[in-house]
Amino acid sequence: QVQLVESGGGLVQPGGSLRLSCAASENIFKMGWYRQAPGKGRELVAAITRGNNINYADSVKGRFTISRDNAKNTVYLQMNSLKPEDTAVYYCNGQTPLHIYWGQGTQVTVSS
């Protein structure tokens, strides 16, 4: 079994920044962040492979940066220029050829 533990969520004002972290119990080839806002489905925010192949949702390009430390089995999401529409529960995701793993989710609220 793989465990994913997120941290770093919270309340920030529009234009502010927040950094999310996700620590995995073992190294996973592909990791990423998804989010789910009230009344919406869960959507991909960003994903990264062990070799640093990266993909971003159009809505966060230029504002968010995903990275990973393979030695620490940890993935990060640096979120800058946050907007109210970024408010959601953010979930860490890990994928292998046969399994999909999810963290418990961390709330990000962007409000004045």
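Two strands are said to pair if DSSP finds at least two bridges between them, and by this definition S9 and strand S10 (residues 100-102) pair in the antiparallel sense, over three bridges. The legends below describe a predicted model.

**Figure 1. The whole protein, with its 11 strands and zero helices.** Read from the N terminus on, the elements run β-β-β-β-β-β-β-β-β-β-β. The radius of gyration is 13 Å, close to the 13 Å that the globule rule gives for 112 residues, so the protein is as compact as a globular protein of that length. Taken along the principal axes, the C-alpha atoms fill a box of roughly 40 × 25 × 20 Å. Buried residues make up 43% of the 112 residues, and of the contacts with a separation of 6 or more, 51% are accounted for by residues 24 or more positions apart.

**Figure 2. The surface and the charged side chains of the protein.** The protein exposes about 5900 Å², and carbon and sulfur atoms supply 48% of this area. There are 11 positive and 7 negative side chains, and the centres of these two sets lie 3 Å apart.

**Figure 3. Strand S7 (residues 64-69), with a covered and an uncovered face.** In a regular strand the side chains alternate between the two faces of the sheet. In S7, the covered face holds Phe64, Ile66 and Arg68, whereas the uncovered face holds Thr65, Ser67 and Asp69. S7 pairs with strand S8 (residues 74-79) in the antiparallel sense, and six bridges connect the two. Phe64, listed above on the covered face of S7, has Met79 in S8 as its bridge partner.

**Figure 4. The hairpin of S7 and S8, with Asn73 in the loop between the strands.** Four residues lie between the two strands of this hairpin. Most residues other than glycine have a negative phi, and most peptide bonds are trans. Asn73, however, is a residue other than glycine with a positive phi, near 55°. With a relative accessible area of 18%, Asn73 counts as buried, because buried means under 20%.

**Figure 5. Ser81, in the loop between S8 and S9.** Ser81 is a residue other than glycine, and its phi has a positive value, near 50°. The relative accessibility of Ser81 is 40%, so this residue counts as partly exposed, a class that falls between the cut-offs of 20% for buried and 50% for exposed.

**Figure 6. Strand S9 with S10 and with strand S11 (residues 106-110).** A hairpin joins S9 to S10 through four residues, and within this antiparallel pair Gly94 stands opposite Tyr101 in S10. S9 also pairs with S11 in the antiparallel sense, over three bridges, and here Tyr90 stands opposite Thr106 in S11.

Definitions and conventions: Residues are numbered from 1 along each chain as its sequence is written. This is a predicted model: local features need pLDDT of at least 70, side-chain atom pairs count only at pLDDT 80 or more; totals for chains, interfaces and linings use all residues. Side-chain values use heavy atoms; hydrogens and water are left out. The radius of gyration is taken over C-alpha atoms; the globule rule is 2.2 Å times the number of residues to the power 0.38. Buried means under 20% relative accessible area, exposed over 50%, partly exposed in between (1.4 Å probe, protein chains only). Contact means heavy atoms within 4.5 Å. Accessible areas come from the Shrake-Rupley method with a 1.4 Å probe; for residues, only the protein chains shown count as cover. Lys and Arg count as positive and Asp and Glu as negative; His and the chain ends are not counted. The place of a charge is taken as NZ of Lys, CZ of Arg, CG of Asp or CD of Glu.
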